[in-house]
Amino acid sequence: MCGIVGYIGFEQAGPFLLDGLQALEYRGYDSAGICLNDGSKLIVKKAKGKVFDLRTLTHDGHDTKGTVGIGHTRWATHGEPSDVNAHPHLSESGRFAVVHNGIIENYQQLKNYLTAKGVVFRSMTDTEVIAQLMEYYYKGDLIETVIRVLEKLDGSYALGVISQENPDEIIAVRKESPLIIGLGENENFLASDVTAILSKTRTIYRMENDEIAILGREGVKIINTDKEEIHKEIETIDWDVNAAQKGGYEHFMFKEIMEQPKAISDTIAPRIKNGRVVLDEVNLSAEELKQFNKINILACGSAYHVGVVAKYIFEKMLRIPVEADLASEFRYRDPIVNEKTLTIVISQSGETADTKEAMKEAQRRGSHVISIVNVVGSSIAVESDDVIYTWAGPEIAVATTKAYSTQLAVVYLLALYFGDMLGTVVPDEYKALVQELEDLPNKIETVLENKERIQYLASKLFNSKDVFFIGRNIDYALSLEGSLKLKEISYIHSEAYAAGELKHGTISLIEEGTPVIALATHEELIAKIVSNIEEVKTRGAQVMCIACDNHKELERVGETIFIPRVCDMLLPSLAVIPLQLFAYYVASLKGCDIDQPRNLAKSVTVE
Ligand code: F6R
């Protein structure tokens, strides 16, 4: 989604703003722009398309002098992607410039009001009303005006504002949309995401709702809307800068696929001590845990697919009914959730608007919320009752891989931890599962070693128009993810089906040559899935099968990829690897923009 960057210091701002925007490209966007105060006026440069186009237009940011500026990458919500709709937006006389992430819900009323007063708008965006309101209310005091404007806005926002008459300040505000302030020496920074400023500083303030930051060259002051000063704690970012760079790989997605053994090990290892799972993050006693009569999992997209896997695992191991819910549906359906429901929220970014709001809905209804989050300090992490961090490191490719895998790893830890507390997992089984879990990263390495075979299979299927994924039980949950990975980065239509459902309609779509990817890892259901494979083969399907290496007989059903046999609970972590690699190689053969697929954004901060 949209990205914000800002600079105030003694250097020329343009080159840094462009580097910052480049670092935010991974979030997905369709236009970019910068605005600098050159000492006497605000100069805006914007371009539809990539940051590269803006670089060309501005000679890498060197064409405009000015040591204070703001920049933005826009993911269109109101108004098509175009130069005029790109941010920053100026007020009518060019006195104020604004960059904005989020949505102003009452923008149309505000626009009507200002239009009736004679204000002329240039763009179709909701953001422009903020710049125009600034000018409308301005009586000589920048902060007063910002506060006045904020009172008028409904919705979510992270804002950066500069003014022609204040070349020594940037004003930044946040409400429900992430924003950080980077602290330097004789220079300070503004960003929606730390990756934009990591090359300059690692010390930051993390803005909270309704805080207003006044950035100067030699300091940053934070106030509330009553103009009282707030003393915030400085946070130090300990990320490895290399983690946000490609490190010799062609794409972030491939790098992140290859990083999965380490990411899983980083997530699991600190939480297994002397053969026992220790989750100090979870503040629930065995007594409290026993009070819950339902587990409710809330998430979107791939994180939701982890929730579907978790449903199968938790129900089997904990003997509690589990509902995995799409956060966007849960919010608006008057769900049956109360203090006897344990809610688990899953989110890589910790900022997904639907997931965050669904979580709040569950909390309003009295449910205890445990979140599984990758981005430290993100809204969901902060606002949930307990947070279990996945230690995947920064995930840059839009299509998730290592975050998905580490979320699964946390699900296994929770299943063991709760199973032990509830007494539903017997000691021998517990011990064996923990041992297998500790060895999981090694097993994943062996699956990754088989990548050339998957590349070969991708080369046979990359011209397909439709691909079907089928599976039963956890294999079905996994097929949802395989299908999403393929369609989001290769733009090939695909569907995931519970294999037993095929006969109830979808099988009519199978014809000569239709690719069907069958997941056949679930030991108890091998015979059943083989029957389903035969059904589609009989109708002409071209089958690719993923199976465990103790079922070599499955070679006969089609092109089969074998993964090591591990206990059922852990199989998704191995079986997802060929699915990720398959999607990656297909997209690569088709020449797609793998790390930034069209129309998609990394962190979906609007509803
Ligand atoms: C797909 C993908 C998305 C996200 C979804 C939720 O590859 O990455 O489907 O899983 O947008 O995002 P988070 O996990 O940040 O809440």
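Predicted model: local features only at pLDDT ≥ 70, side-chain atom pairs only at ≥ 80, totals over all residues.
Visitor: What radius of gyration does the chain have, and what would a compact globule have?
Guide: The C-alpha atoms fill a box of roughly 80 × 55 × 45 Å along the principal axes. For 607 residues, a compact globule would have a radius of gyration near 25 Å, and the value for the chain agrees with this. The value for the chain is 26 Å.

Visitor: Which share of the contacts with a separation of 6 or more comes from residues 24 or more positions apart?
Guide: The chain holds 18 helices and 26 strands, and buried residues make up 61% of its 607 residues. Among the contacts with a separation of 6 or more, the share from residues 24 or more positions apart is 71%.

Visitor: How far apart do the centres of the positive and negative side chains lie?
Guide: The accessible surface comes to about 23,000 Å², with 48% of that area belonging to carbon and sulfur atoms. As for charge, the chain carries 63 positive and 88 negative side chains, and the distance between the centres of the two sets is 3 Å.

Visitor: Which strands are at the edges of the open sheet of 8 strands?
Guide: The sheet has the order β3-β2-β4-β1-β10-β9-β11-β14, with antiparallel pairing. An edge strand pairs on one side only, and the strands that do so are β3 (42-48) and β14 (235-236).

Visitor: Within that sheet, which residues stand opposite I181 in β10 and in β11?
Guide: Strand β9, residues 180-183, sends I180 and G182 one way and I181 and L183 the other, and all of these residues are buried. Strand β9 runs antiparallel to β10 (residues 188-191), with 4 bridges, and antiparallel to β11 (residues 203-206), with 3 bridges. The residue opposite I181 in β10 is L190, and the bridge partner of I181 in β11 is Y205.

Visitor: Which residue in the hairpin of β9 and β10 takes a positive phi?
Guide: The two strands of this hairpin are joined by 4 bridges, and 4 residues lie between them. The residue with a positive phi, near 60°, is N186.

Visitor: Which residue of β10 is the bridge partner of Y7?
Guide: Strand β1, residues 3-8, is joined to β10 by 4 bridges, and the two strands run antiparallel. In β10, the bridge partner of Y7 is F189.

Visitor: Is A263 buried or exposed, and which residues does it touch?
Guide: A263 lies in helix α7, residues 260-268, and its relative accessible area is 4%, under the 20% limit, so A263 counts as buried. Leaving aside residues up to four places away in sequence, the residues that A263 touches are W391, A392, K402 and T406.

Visitor: How far apart in space are A263 and G275?
Guide: A263 belongs to helix α7, and G275 is 12 residues away from A263 in sequence. Taken from C-alpha to C-alpha, the distance between A263 and G275 is 20 Å.

Methods
Residues numbered from 1 in each chain as written. Heavy atoms only, no water. Rg over C-alpha atoms; globule rule 2.2 N^0.38 Å. Buried < 20%, exposed > 50% of the residue type's maximum accessible area, 1.4 Å probe, protein only. Contact = heavy atoms within 4.5 Å. Areas by Shrake-Rupley, 256 points an atom, 1.4 Å probe, with all protein chains shown as cover. Lys, Arg positive; Asp, Glu negative; His and termini not counted. Charge placed at Lys NZ, Arg CZ, Asp CG, Glu CD. Pairing = 2+ DSSP bridges.
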